[in-house]
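Thank you all for coming. Please have a look at the structure on the screen before I go on, and then I will talk through a few of its features.

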Amino acid sequence: MSESRNAILGKLRAGRDAHPLTPPESDFAVLRNKRWDGAERLERIKRMMEAVHTEFLETTEADWPTDVQAFLKAQGTRNLLFGPATEAGGRLSAEWAEGGPELIPYADRVETFKERLFDGIDAGITTTLGAIADTGSLIVWPTPEEPRLMSLVPHMHLALLRADALYDTFWQAMTENRWADGMPTNALLISGPSKTADIEQTLAYGVHGPKRLVVVVIR
Amino acid sequence: MSHDGTISRPAIERPESVYFFGTCLVDLFYPDAGMAGMELLKAQGVRVVFPQGQSCCGQPAYNSGYREEALKVARAQLDYFPGDWPIVVPSGSCAGMMSKHWPDLFKGEPDEARARQVASRVWELTQFLVQVLKVKFEDQGPPVKITWHASCHAQREMGVTDEPKTLLRQLANVELVELQREKECCGFGGTFAVRHPEISAAMVGDKVADIENTGAKAVVSGDCGCLMNISGALEAGQKPVRGVHIAQFLKERTHG
Amino acid sequence: MGESSINFAKASSAALQDQQLRGNFRRAMDGLMSKRAVQFADTAEWNGVRALGASVRLRALSKLPELLEKLEANCTKNGIQVHWASTTDEANAIVLSIMQRVNAKLVVKGKSMVSEEMHLNAFLEKRGIECLESDLGEYIVQLDEAMPSHIIMPAIHMNTKQIAHLFKQKIKEAEYTEDVAQLTDLARRVLRKKFATADVGISGVNMAVAETGTLCLVENEGNGRMSTTVPPVHIAVMGLEKVVEKLEDVPPVISLLTRSATAQPITTYVNMISSPRKAGEKDGPDEIHLVILDNGRSGIYADEELRNTLRCIRCGACMNHCPVYTKVGGHAYQAPYPGPIGSILMPQVEGLEKRGELPHACTMCNACVEICPVKIPIVEIMGRLRSEAVHPGDAVRGAGSHASKAEAMVWKGWSMTYASPLAYQFATALLAKLGNAAPASLPLLKEWTNVRAKPRFANRTLHALAREKGIPDV
């Protein structure tokens, strides 16, 4: 409908040119000035995310695969969806002990296992690009090795967060890392498990997405 | 095109004289409140001028969509405030119309500059008493419990916030109990009250219930539109609470 | 008033009788207002982020045609197909043609107000395509065969009991329960099956970034992510004003949006979509379509003052703070956008002949203006539309359609009297003498005295008193 396109743009241009509009300057100082020091950032992230039912698991670079397995085993989780081609995925397959939850690789197009994904997966694990202190949010950029639905469909989402990859604000994270130069297919902020208040303002967790979000903090 | 909602008045020195713009509602229904306002100002040693040619700020027509008619009435006021004195108005709504909306109403008109000049001198009464005259009242009345209803336009157009309550709190024997929803509209809204009488009734019903819950003997307000609405509902519901304009209340308490 | 005119007064009258409904709204709005106040307790921060948000929206409007072209170019480069629709009919036709091409039978929808504006569900269902709302609130309203009553919380007019009964009645596997967690879980089970099998996902757009060709969606439930990730085709519909210039414009607007809407520092998900599934990627839709809808917006844009309506980021805070909305609820407006923003937007989109009563559904209290996160002068636009409704002109569709000779005469007479000191003092002196004799049954006075005592004219006017007391005139 290029006819409509041209009609719409023509009308907008005429309207604007008849009455040009000078916008006030955009002063980002209010975002730039939001700062927390190193220790405060993680504290704040935990506090904000825990307020919306996020769980935290503290671990170390050496131990995280073992700790994750032990955690899931204790929860009675049957299986864990992971990305086998990532570095984290490599460590999971290498260090996963016998007798734990089954590791399920997300290795093929979703079409090949949609039914199982929606019906038979308890948990999924992904990496993150860090977290944001201002709002208590994880930054997640899905990739071919770590597809989009891993953090959405399984009932529990485990997210690996490196304790040194913290930002003050969303604005800082995107400007410092020059996101505008190349956005991925999908970029996400995740700030808790799925929730709703659509029934009489009463909070309920796990309406469509994960019922539980577990942030695995790696120090 | 930036609209912050409220206008702000610059700090000014105490003037020797002020104009008093009585407003049409006060003129017809609450002249005692108008007189009280002028006497409060006089008691502070300020000369008060009441131009007899004044009538109305034009708001009723303006809010009904009849801007030309509003302009005609607003324009008729300009001649009567020639001195460079502040214009004190015992109503946040009319003051808001003059200071905030006159500049828009007169936009492109030959007398735009004059209208802006007049508009820039308009003060809401309590704002003027507190900010310019820095009054200190001494209570002469018996103990009483009251509550305060904040007028929408005083708050959100004139930027009047704590001034009225500051004045009321100066009165030692007056116990001020705040409403649960002090800032919520009473449902007057000019022609709204008769265009949507049922919604307006529900709104003033909530306001009356809120007032009753405070146990106050009087509800004080700074706008006669609100007062007419709230007192009318209190009276119709045979509630033992009286509605009173803040000027009249202050006058009664201090040298009444 | 024309025949097709929407009767707000009648609908609101019915709503006012419904004590349950009034209770539901009062409680909900009180809660929302106090929670929002906590989010913006830091006045300096509020002023700063609000000024920034308003500047972002104004900058976008100042370059609107260029930004839309840039958005189109960058989306196209990213593989998102862009469509333009002048009217809702055109937009529906575009959506339908995509559906038909992929032979779609089932559509899952994320929340989209523009699709409400298009009446898209009804349109598709008539053509045999099942269209399932997946936002829990929208799902409830759809089950109830009703309209959303709030743009953020569609089912805010219902309480848990009512929803429990609805689920029991409409969902096969439902057991009656008033437990919100169980009700939510039931919806989860029903809708998961639909996500997995849907042919197309439809969503709205909270913001589209011209600089990068990115569609931003905010949500809490995950249904938006499901709808935009699982089905093989994703169609996003947006009003043409939703574009922003730069990616860095997104954070302040999102911050204002989520805090104003539901008093959350941020929603659970911020979902930024810049392309369909690329080679090697294992999920995501193979096709993304962006439908850019005008539906009267370019007309609104042409007017310097009315244009400010298009700043709106659809947070719904004006509803939460509106004393009229709180009393009558969203359905009384009979519009996809109720409350203050609806009362200025609907008349401009659908014309004053149909919606001319809405700008009067307002006491001009300015509570909405005080909290609008992008500083829309809502009440000034309300006043302007009141004027347009009674004066023929070109700025708004249906201008002059509510003109009444009788009303015009009244105001003319009023202005002649009030603009002449002599006539005014004569008239007011007369009213002081005789006004109180007017019977309460007079029109207008009757409406007033239904719940109020008759206003009493004073014996003497202030003019007379001032003369008597020797107050100087000059």
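How far apart do the C-alpha centres of domain 1 of chain B and domain 2 of chain B lie? Please keep in mind that this is a predicted model, and that in it the two centres lie 22 Å apart. The domain assignment of chain B places domain 1 at residues 17-131 and domain 2 at residues 135-255. Where these two domains touch, domain 1 of chain B contributes 31 residues and domain 2 of chain B contributes 25 residues. On the domain 1 side, α2(B) provides the largest share, with seven residues, and that side as a whole divides into 14 nonpolar, 13 polar and four charged residues.

Let me turn to the contact between chains B and C, which takes 58 residues from chain B and 58 residues from chain C. Helix α11 of chain B, residues 197-214, gives the most to the chain B side, with seven residues, and the residues of that side divide into 31 nonpolar, 16 polar and eleven charged.

Finally, chain C itself, whose secondary structure comes to 23 helices and ten strands. The radius of gyration of chain C is 25 Å, close to the 23 Å that the globule rule gives for 474 residues, so chain C is as compact as a globular protein of that length. The C-alpha trace of chain C spans about 90 × 55 × 50 Å along its principal axes, and 61% of the 474 residues of chain C count as buried.

Note on methods. Residues are numbered from 1 along each chain as its sequence is written. Chains are lettered from A and ligands numbered from 1 in the order in which they are written. This is a predicted model: local features need pLDDT of at least 70, side-chain atom pairs count only at pLDDT 80 or more; totals for chains, interfaces and linings use all residues. Two residues are in contact if their C-beta atoms, placed from the backbone, lie within 7 Å. Helices (H or I, at least four residues) and strands (E, at least two) are DSSP runs, numbered from the N terminus. Ala, Val, Leu, Ile, Met, Phe, Trp, Tyr, Cys and Pro count as nonpolar, Asp, Glu, Lys and Arg as charged, and the others, Gly among them, as polar. The radius of gyration is taken over C-alpha atoms; the globule rule is 2.2 Å times the number of residues to the power 0.38. A residue is buried if 20 or more other C-beta atoms lie within 10 Å of its own, exposed if 12 or fewer, and partly exposed in between; C-beta atoms are placed from the backbone. Domain bounds come from an automatic or database domain assignment.
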